[in-house]
Every structure is written in structure tokens, then in C-alpha cells.
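Visitor: I'm new to this one. Can you show it to me, and tell me what you mean by a helix or a strand?

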Amino acid sequence: MAAVDPATLDFRPARPLPAHQRLLNSTPVAILLYVLVMYLIIRGSYIGAERMGYNWQWYQIPRYFYTLTDDGFRWGEIPRGLMVTIYLSGLSFLLSVGIGLVVALLRLSDLIVGRGVSIVFLELIRNIPLLVLLYLFYYVLGPIFGWSRFTASVLTLAVFHGALVSEILRAGINAVPVGQWEAAKSIGMSGYQTYRYIVLPQSIRIMLPPMTGEFVHLIKSSAIVSVIAVAELTTIGRNIISHTFMSFEVWFTVAAVYMVLTLTLSIGVTYLERKYAVDR
Amino acid sequence: MNDRKPVIVARNIDKFFGDFQALRDVSIEVRAGERMVICGPSGSGKSTLLRCFNALETHDAGQLIVDGIELRPESPDIRKLRQNVGMVFQQFNLFPHLTVLENLMIGPVKVRGMRRSEAEATARKYLERVHIPEQAEKFPAQLSGGQQQRVAIARSLCMEPRIMLFDEPTSALDPEMISEVLEAMVELAQTGMTMVVVTHEMGFARKVADSMVFMDGGEIVESGPPQEVFSNPRTERCREFLSQILAF
Ligand SMILES: Nc1ncnc2c1ncn2[C@@H]1O[C@H](COP(=O)(O)OP(=O)(O)O)[C@@H](O)[C@H]1O
Ligand SMILES: [Mg+2]
């Protein structure tokens, strides 16, 4: 019974879109548009770079992905930076979901203190720039609590995105009809049981798309920790440039790697949603 | 009936929503095994009264004792009480993410701590009782309204309640499905269950009700045996209401 299949949370069947919108939304058209835009950007920068007399060295890039020497195959700096980015983002996201859940439940609770605390937290986080928050965590709180760069980074991202996640959770929880609460109460369930077995399983289906968006957002904002030199993808990019001066090649490459990562994630989740979206 | 012990005793209940008074000085007694039908125009406070009986609403004044438990705000026994008082809603309120069987088992398993095998046997027994044993593995959205409402009745029965409350159980149903739900309720009445039913199905009231209550404007305007209320309403308001709903 505890195993809940989010797919069963059916509800409205998707309304069919008009033909021209369906065409614009179709995958081939999206890819075509995407390729076109990318072509224009890359082409434009090539022309610009040529005029500046930039010395392209694309042939140097592969060795930052992997090297094949007598010692055998070795991953390069970029994949290793990517792993740190994934680890950092994954950990931060898990934490942010925990923080988000607590804040959302406090916000929805009957406790005036709870609601107050969560609103103050939300306003605080919403009105401080992420970069400043990172400096606060690293330069102020870090020394006090003895946090490493990595810890400070994870906590910054988790707290910042926890605020955003809590709003997604709150909306998802509120989207469950009040009759569900009443039915759960009427068979004697406690508040915890109602959340655990009735409300949250139904919210998950509603929350999955915005949560994916939030995770993508987090991966992208994780680049900011390069300012305190955590060895993730962006920092690796900066390091490579500082001793090779190939800024164009490296930033294009780093951008592409981020994109591959976030697109893979989005496509994977869409696939999961489709797979489980059997109309009941 | 009068020698049975009362299981719901309401004395001088008032209920406010902000400034609006939804219940005015309501006093009522339901005895063990009694089948009471409550009717009255929309907005007269029927649902509110019923919801006070299992503490989905808290009354603001007066005394309310249900199944031997006095209901007060924050009473620690409220969850215990709700396990013994089943409620069937107008909109069914089945859990859409759970199969029919899981809808029926989740209460006994999670709230009563029953073993799954035992809960499943109970669930199948009550599905049989409401004549839809073959729908056990389906999801609520795959059932017709009438079937969903019967599942909702079975879900309440799985908690083995001593009192069953029905809030307009057939009002959201297509006409052809009303009788199958009423049928299940008549059969339940025959088992001796204490039932309080808000409904405008006067055929049902004639057939099973021991007592009838007519509410208007948050007050109990009239109450008594159904024959009496039907054939000889004492108040103009009740007469008018009955003639309206019996017009067809
Ligand atoms: N939660 C609520 N908040 C404010 N007013 C309410 C609420 N619930 C019911 N009411 C009001 O109380 C009155 C009685 O409602 P209700 O008991 O649902 O009537 P009935 O079931 O007889 O149609 C109505 O006027 C309704 O608008
Ligand atoms: Mg009502």
C-alpha cells in the first residue's frame, strides 16, 4: 500500500492543441529551430573572433576530456569537473527538498509561529542575491562553523533552492482537493498519515515538472561556486583558460557540457512522466 | 426504539462561520440502531450538523456526545471517535492514486494496525456486500459514479464503524445510478447499523427511516416519525419544502 504509483493520479486528460501549435511543439521542429539558432550564434562568434585575429585551437580540447597514453585511458579535467558538478548539485537538491518540505509544512500548519518562521525565511532568501548568500555562508558562517568550501557551497545552494522548492511543494499540496483530507480524517488518519499516504503521493505527480525545472535551475546556478574555487565544471574551465588562454573554445565546451547534462535530465524526466502517464 | 441507548446526543448546538450562524440551538438524539433522515433546503445547515458529528467541524456552543465521547476542540479522543463513525460524502472522495482494494485497506492497515491479509479479507467482504467484488483491482477513475459511491460506503464499513453518516450520497450521481447506491444503503440498514442520512430521496426515507428531521435556516424545524412528517407537516416551511421535492 505504501508503494504509490504516481501514474495513477490521473486526472484531466490533456486537451489536444490546434494543428499549428502541435507542429511548433513537435520534436523535429524544435530540433531544427535549435540547430538554426546555435548555428547563427556559433557562426557569428567565429566571424567576430576571426576579425579579432583569434587563434582557434579546437584540437587542444579533446585532451581535457580524456587522454590515451601508454598508461592507458584517463578521464580529463572536464569530466572530473562535471562529476563534481553533478555530486554538488545532487546533494544540494536532496537537501533543498528536505528544507523545502519542512518550510512548506510549517507554512501550511496551523501554528502561527511556524507560519511566521517560514515566511521570514522565504522573504530573506528571496531578497538576497545568490552570490551574496554564498559569500555569507563561506566568509561569515564558514569560519564560525568550520565549513569547507564544498560544504558552504552545498548549504548555500540547498538553502537558496529550498525556498523555491518549498513554494512548489506548497502549490502541489494545495492542489489536492480538500475532500481528500476530509476522507482521510474521517477514517481516523492522523495529520502525518494523511500527508504520507494520501496527500503527498497525489502531489508528486503535480510537482514533478516544476521540480525538474528547479533541479535544472540548481545545476546552472551551481556554477556560481566557482567564485570560491570549488573544483566543479566552471572552475575547471577557468583553470584551463588561465594556463592556455583558449577562452572561446573552453567556454563553448563548458556551456555545451552543461546543456547536455540538463537536457538529458529534462528528457529523462519527460520520458518517465510519459511512461507512467497511462490514463486511468 | 426508545428503549435503546442514545449514541449521538446534541444539546443546544450553535455553530458560526465568522459572523454567519450556520446552526442555531440544535438539539437532537440518535439512538443505537436508529435510521434518521435529515432533509431541508440547500444551505440550511444539514452538512454542517453531520460534520459536527465526526468533528470535521467543531461546534461553538452546546454539548455534543457521540458514541460516548464528548466532543470538545482538541479532544484527544477525536481520532478514536472517527474510527467508529463512518462518513460517506456527496463527492465520494475516494483516493484516486490507490486501487479500490487499497482504498478499502488503507484505513484498517494504517489506522487500526490490522494485518494486510486480514484487511484484504475484510475489504473483499465489504466489496461483496456492495455488489462490486470484481472491481477490486481497478482505480476509482475507472468506475462509474454509482460504483465509486458504493466503494466509498465499503471503505467506511471496513473500519467497522458503529455509526454511519451519509451526506447527500446520491446527489452527485446520474439518475440511473441512484438506485444501486440506495439499494446498498437499504441493505446496510437491514443489518441494524445506526445511520444518519442527509438526503432528498423521500422514497428511501419512507422505506427505512425511523425518524425524520427537517432543517431550515440552521434550525431543526420539525422532527418525528416519517409518516407523521410526510402526511401531516406541522409547519408551513416544511409543508412547502416537501411539496417542492415531492412535486415530481
Ligand atoms: N466552511 C465554511 N465557511 C463559511 N461558511 C460555510 C462553511 N460551510 C458552510 N457554510 C455556510 O453554512 C451554511 C450551511 O451550510 P451547509 O451545512 O453546507 O448546508 P446544507 O448542507 O444544508 O446545504 C451555508 O450558508 C454555507 O454557506
Ligand atoms: Mg450539504
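Guide: Helices (H or I, at least four residues) and strands (E, at least two) are DSSP runs, numbered from the N terminus. This is a predicted model, where local features need pLDDT of at least 70, side-chain atom pairs count only at pLDDT 80 or more, and totals for chains, interfaces and linings use all residues. Residues are numbered from 1 along each chain as written, chains are lettered from A and ligands numbered from 1 in written order, and side-chain values use heavy atoms, without hydrogens and water.

Visitor: Okay, where is B:Phe92?

Guide: B:Phe92 sits in a loop of chain B, between strand S6 (85–88) and helix H3 (100–111). Its phi is near 65°, a positive value in a residue other than glycine.

Visitor: Is B:Phe92 buried or exposed?

Guide: B:Phe92 counts as buried because its relative accessibility is 10%. Buried means under 20% relative accessible area, exposed over 50%, and partly exposed in between (1.4 Å probe, protein chains only).

Visitor: What about B:Asp67, what is its phi?

Guide: Phi of B:Asp67 is near 50°, positive although the residue is not glycine. B:Asp67 lies in the loop between strand S4 (61–66) and strand S5 (69–70) of chain B. At 17% relative accessibility, B:Asp67 is therefore classed as buried.

Visitor: Now the ligand. Which residues surround ligand 1?

Guide: They are B:Phe17, B:Phe20, B:Ala22, B:Pro41, B:Ser42, B:Gly43, B:Ser44, B:Gly45, B:Lys46, B:Ser47 and B:Thr48. To be near the ligand, a residue needs a heavy atom within 4 Å of it.

Visitor: Which atom of B:Gly43 lies 2.7 Å from an oxygen atom of ligand 1?

Guide: A backbone N or O atom of B:Gly43 does. A polar backbone atom of B:Ser44 is 3.2 Å from a ligand oxygen. B:Thr48 uses its side chain: an N or O atom there is 2.5 Å from an oxygen of ligand 1.

Visitor: And how much of ligand 1 does the protein bury?

Guide: Ligand 1 alone exposes 560 Å², and the protein buries 59% of that. Accessible areas come from the Shrake-Rupley method with a 1.4 Å probe; for residues, only the protein chains shown count as cover.

Visitor: Which elements give two or more residues to that shell?

Guide: Strand S2 (20–31) and helix H1 (46–53), both of chain B. H1(B) gives the most, with three residues.

Visitor: Switching topic. Which residues touch the most other members of the largest nonpolar core?

Guide: In that core of 53 residues, they are B:Ile153, B:Met164, B:Phe166, B:Met185, B:Met195 and B:Phe204. Helix H6 (residues 175–190) of chain B supplies the largest share, nine residues. A nonpolar core is a set of buried Ala, Val, Leu, Ile, Met, Phe, Trp, Tyr and Cys residues joined through side-chain atoms within 4.5 Å.

Visitor: What is B:Met164 in contact with?

Guide: Setting aside neighbours within four places in sequence, its contacts include B:Gly86, B:Val88, B:Ile153, B:Leu188 and B:Met195. Contact means heavy atoms within 4.5 Å.

Visitor: How many residues are in the second core?

Guide: That separate core has 42 residues, among them A:Ala183, A:Ile198, B:Leu49 and B:Phe53.

Visitor: Where is B:Gln83 found?

Guide: B:Gln83 is in helix H2 (residues 78–84) of chain B. Its relative accessibility is 8%, so B:Gln83 counts as buried. Its side chain makes a polar contact of 3.0 Å with that of B:Arg112. A polar contact is a pair of N or O atoms within 3.5 Å; within protein, one must be able to donate a hydrogen and the other to accept it, and residues adjacent in sequence count only if both atoms are side-chain atoms. Beyond neighbours within four places in sequence, B:Gln83 contacts residues including A:Ile187, A:Gly188 and B:Met159.

Visitor: And B:Val229, which helix is that in?

Guide: Helix H8 (residues 226–231) of chain B. B:Val229 has a relative accessible area of 4%, so it is buried. Its C-alpha atom is 9.2 Å from that of B:Leu242, 13 residues apart along the chain. Not counting residues up to four places away, B:Val229 touches B:Met212, B:Cys238 and B:Leu242, among others.

Visitor: Last one. What is the secondary structure of chain A?

Guide: Ten helices and two strands. The order from the N terminus is α-α-β-β-α-α-α-α-α-α-α-α. Its C-alpha atoms fill a box of roughly 75 × 60 × 40 Å along the principal axes. Chain A has 280 residues, and 39% of them count as buried. Chain A exposes about 15800 Å², with 69% of it from carbon and sulfur atoms.
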